[in-house]
Amino acid sequence: QVQFVESGGGLVQPGGSLRLSCATSGFTFSKFEMNWYRQTPGKERELVATISRSGGTTNYAQSVKGRFTISRDNAKNTVYLQMNSLKPEDTAVYYCKAVALQYWGQGTQVTVSS
């Protein structure tokens, strides 16, 4: 059974940092590109970052470029999202997803507020 378990969210002040983790199981993690998405109420999910199977190639939405870093540990079947210089507009539920697999986890809430 394919599973994604996101964690690491929370309440942080503007300018702060958080590191999200997504533990996966039920598929061969190293064979899939991985994405982080985020969603706010009333809006569609937004693709935030993508990482290649080896981790050697990453891509970011313009809104987070230079502040967020996606990484992965294929030995631990886990993908990460390091978020720095957080802004109130980064507030959302964050999800990880394997490209080409139609499964979603429960997400983790990130709230940026003073």
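The legends below describe close-up views of a predicted model.

**View 1. The four-stranded sheet is open and antiparallel**. Its strands follow the order S1-S3-S8-S7. Strand S1 (3–7) and strand S7 (68–73) are the edge strands, and each of them pairs on one side only. On average, neighbouring strands of this sheet are turned by 15° against each other, direction ignored.

**View 2. Strands S7 and S8 form an antiparallel hairpin**. S7 is joined to strand S8 (residues 78–83) by 6 bridges. Isoleucine 70 has leucine 81 in S8 as its bridge partner, and aspartate 73 is partnered by threonine 78 of S8. There are 4 residues between the two strands, and asparagine 77 in this hairpin takes a positive phi near 55°.

**View 3. The side chains of S7 alternate between two faces**. Phe68, Ile70 and Arg72 point to one face and are buried.

**View 4. The six-stranded sheet is open, with mixed pairing**. The strand order is S2-S10-S9-S4-S5-S6. Strand S2 (10–12) and S6 stand at the edges with a single partner strand each, so one side of each has no neighbour in the sheet. The twist from one strand to the next averages 25°. Within this sheet, S4 and S9 run antiparallel and are joined by 6 bridges. The bridge partner of arginine 38 in S9 is tyrosine 94.

**View 5. A disulfide joins cysteine 22 to cysteine 96**. The S to S distance is 1.7 Å, and the count for the model comes to 1 disulfide. Cysteine 22 lies in strand S3 (residues 18–25) and cysteine 96 in strand S9 (residues 92–98), so the pair ties together parts that are 74 residues apart in sequence. Cysteine 22 and cysteine 96 are both buried.

**View 6. Arg38, Glu46, Arg67 and Asp90 are linked in a network of salt bridges**. The count for the model comes to 3 salt bridges. Arginine 38 forms a salt bridge with glutamate 46, with the closest N and O atoms 2.8 Å apart. Arginine 38 is buried at a relative accessible area of 7%, whereas glutamate 46 is partly exposed at 31%.

**View 7. Aspartate 90 forms salt bridges with arginine 38 and arginine 67**. For aspartate 90 and arginine 38, the closest N and O atoms are 2.9 Å apart. This pair links distant parts of the chain, 52 residues apart, with aspartate 90 in the loop between S8 and S9 and arginine 38 in strand S4. Both aspartate 90 and arginine 38 are buried. For aspartate 90 and arginine 67, the closest N and O atoms are 2.7 Å apart. Arginine 67 lies in the loop between strand S6 (58–60) and S7, and aspartate 90 in the loop between S8 and S9, so this pair ties together parts that are 23 residues apart in sequence. Arginine 67 is buried, as is aspartate 90.

**View 8. The largest nonpolar core has 28 residues**. Those with the most contacts inside this core are Phe4, Trp36, Phe68, Val79, Leu81, Met83 and Tyr94. The elements that give two or more residues to the core are S3, S4, strand S5 (46–51), S7, S8, S9 and strand S10 (108–112). S9 gives the most, with 4 residues. In soluble globular proteins, nonpolar side chains tend to be buried together.

**View 9. Valine 79 is shown with the residues in contact with it**. Neighbours within four places in sequence are left aside. The remaining contacts of valine 79 are Leu20, Ser21, Cys22, Phe29, Met34, Trp36, Ile51, Ile70, Ser71, Arg72 and Cys96. Valine 79 is also among the residues with the most contacts inside the largest nonpolar core.

**View 10. Threonine 28 is placed in the loop between S3 and strand S4 (34–39)**. Threonine 28 is partly exposed, with a relative accessible area of 42%. Threonine 28 and valine 2 are 26 residues apart along the chain, and their C-alpha atoms are separated by 9.8 Å.

Note on methods
Residues numbered from 1 in each chain as written. Predicted model: local features only at pLDDT ≥ 70, side-chain atom pairs only at ≥ 80, totals over all residues. Heavy atoms only, no water. Pairing = 2+ DSSP bridges. Axes fitted to C-alpha atoms, helices over the stretch in contact; angles between N-to-C directions. Disulfide = S-S within 2.5 Å. Buried < 20%, exposed > 50% of the residue type's maximum accessible area, 1.4 Å probe, protein only. Salt bridge = Lys/Arg side-chain N within 4 Å of Asp/Glu carboxyl O. Core = buried A, V, L, I, M, F, W, Y, C linked by side-chain atoms within 4.5 Å. Contact = heavy atoms within 4.5 Å.
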